[in-house]
Amino acid sequence: MSFRQCYKLVTKQAIRWFPGHMGKGLKQMQQKLKSVDCILEVHDARIPFSGRNPEFQHTIAGGGVKPHILVLNKKDLISPKDQRYIRDALKDKEQLDHIIFTNCKDQQCSGIRKLMPLANDLIGKSGRYNREGEKDYCVMVIGVPNVGKSSLLNVLRNRHLKRKSVSQVGGIAGVTRSVLEKIKISEDPLIYMIDTPGILEPKISSDEMGMKLALVGCLQDHLVGEDLIADYLLYWLNKNERFEYVPLMGLEKPNDDISEVLVAYANKQGVQRKLKGADGQILMIPDILHAARHFIKLFRTKAFGNINLDKEI
């Protein structure tokens, strides 16, 4: 069976990739840079190249002026082999020397343990410019929405200070909407962190990049459309010969038509919704929205195994 080899977003609807609060948040972050010693960029390990905002590198990280650590969170959703490839590729393509893989749900994560000592070391060796002489260190946490910035801050605070979470987290994109005040993370050395809102790139460079961001949850599902996200997931799985979805969706064989896949699953589960016909009669039809949400959930809960969506990069 032949499958699609390239992806094109087939819709006339305008997807707002860059809501207004993001522009405001970026300006707030830039205004706080003078009080920052180190930049901690957090991103989803499943899309290590896609969707990382270049504005962070040039205007927030100061083009390499301030120490910069890239934290690739949710490492439990990709394989150790992928981690090695990603680390080497980022060093080669972007000259990034400080890359740490983390899982904020694991208090014993080796990446979590390494993070503060690395930041402390890099700040101590840096010029610090207008911050020279200040006794405290200040780290700004940046990244696109829903990659675990607030979760990382909370787990570090809990690890080093044994205190409860102070930064709000959630399973949907856009929970942190404004730049918060400094939050103490460590007493000795004295380190503060600034949590920030998720900021997407103002212009998404391709349909595929936008859909990867949507698939891992960097955008709220309803803003993009669950049916579109499900279609991209089906495209990616088929193209990469990952057919684990076939039995899980109740199919007999792989299928490249998302409508057929969703209808088949809805029928198998007996999930229907009411539709009023032109003649006023109530019809019962397969609930494909429910099926699309289930399909996406299977991916996000690792039912298809470890997946690096940037594998081809």
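Predicted model: local features only at pLDDT ≥ 70, side-chain atom pairs only at ≥ 80, totals over all residues.
Ser186 lies in strand 5, which runs over residues 183-186, and its side chain reaches the backbone oxygen of Pro189 at 2.7 Å. Is Ser186 buried or exposed? Its relative accessible area is 7%, and because buried means under 20%, Ser186 counts as buried.

Now let me step back to the chain as a whole. Its secondary structure comes to 11 helices and 8 strands, and of the 313 residues in the protein chain, 51% are buried. The accessible surface of the chain comes to about 15,400 Å², and carbon and sulfur atoms hold 49% of that surface. If we take the contacts with a separation of 6 or more, 70% of them are between residues 24 or more positions apart.

Next, the aromatic rings. A pair of aromatic rings is described by two things, the distance of the centres and the angle of the planes. How many aromatic pairs does a search of the whole structure find? The search finds 6. One of them joins Tyr7 and Tyr232, whose ring centres are 5.0 Å apart and whose planes stand at 85°, so this pair is edge-to-face. Tyr7 belongs to the segment before helix 1 (20-31), whereas Tyr232 belongs to helix 8 (residues 226-239), and therefore the pair ties together parts that are 225 residues apart in sequence. Both of these residues, Tyr7 and Tyr232, are buried.

Tyr7 has a further partner, since Tyr7 and Tyr235 also form an aromatic pair, with 5.4 Å from centre to centre and 45° between the planes, and this pair is tilted. Tyr235 lies in helix 8 and Tyr7 in the segment before helix 1, so here the parts tied together are 228 residues apart in sequence. Tyr235 is buried, as is Tyr7. Taken together, Tyr7, Tyr232 and Tyr235 form one aromatic cluster.

Finally, I turn to a database record. An unreviewed UniProt entry lists several residues under "binding site", among them Asp76 and Val147. Where is Asp76 found? It is in the loop between strand 2 (68-73) and helix 3 (80-94). Val147, for its part, has its place in the loop between strand 4 (137-143) and helix 5 (149-161).

As for accessibility, Asp76 has a relative value of 32% and counts as partly exposed, while Val147, at 0%, counts as buried. Leaving out residues up to four places away in sequence, Asp76 touches Asn103, Lys302 and Asn306. With that same exclusion of residues up to four places away, Val147 touches Val42, His43, Asp44, Asn73, Lys74 and Cys218.

Key:
Residues numbered from 1 in each chain as written. Heavy atoms only, no water. Helix = DSSP H or I, 4+ residues; strand = E, 2+ residues; numbered from the N terminus. Buried < 20%, exposed > 50% of the residue type's maximum accessible area, 1.4 Å probe, protein only. Polar contact = N/O pair within 3.5 Å; in protein donor to acceptor, adjacent residues only side chain to side chain. Phe/Tyr/Trp six-rings, centres within 6.5 Å; stacked < 30°, edge-to-face > 60°. Contact = heavy atoms within 4.5 Å. Areas by Shrake-Rupley, 256 points an atom, 1.4 Å probe, with all protein chains shown as cover. UniProt positions renumbered as here; feature names shortened; annotations may be inferred.
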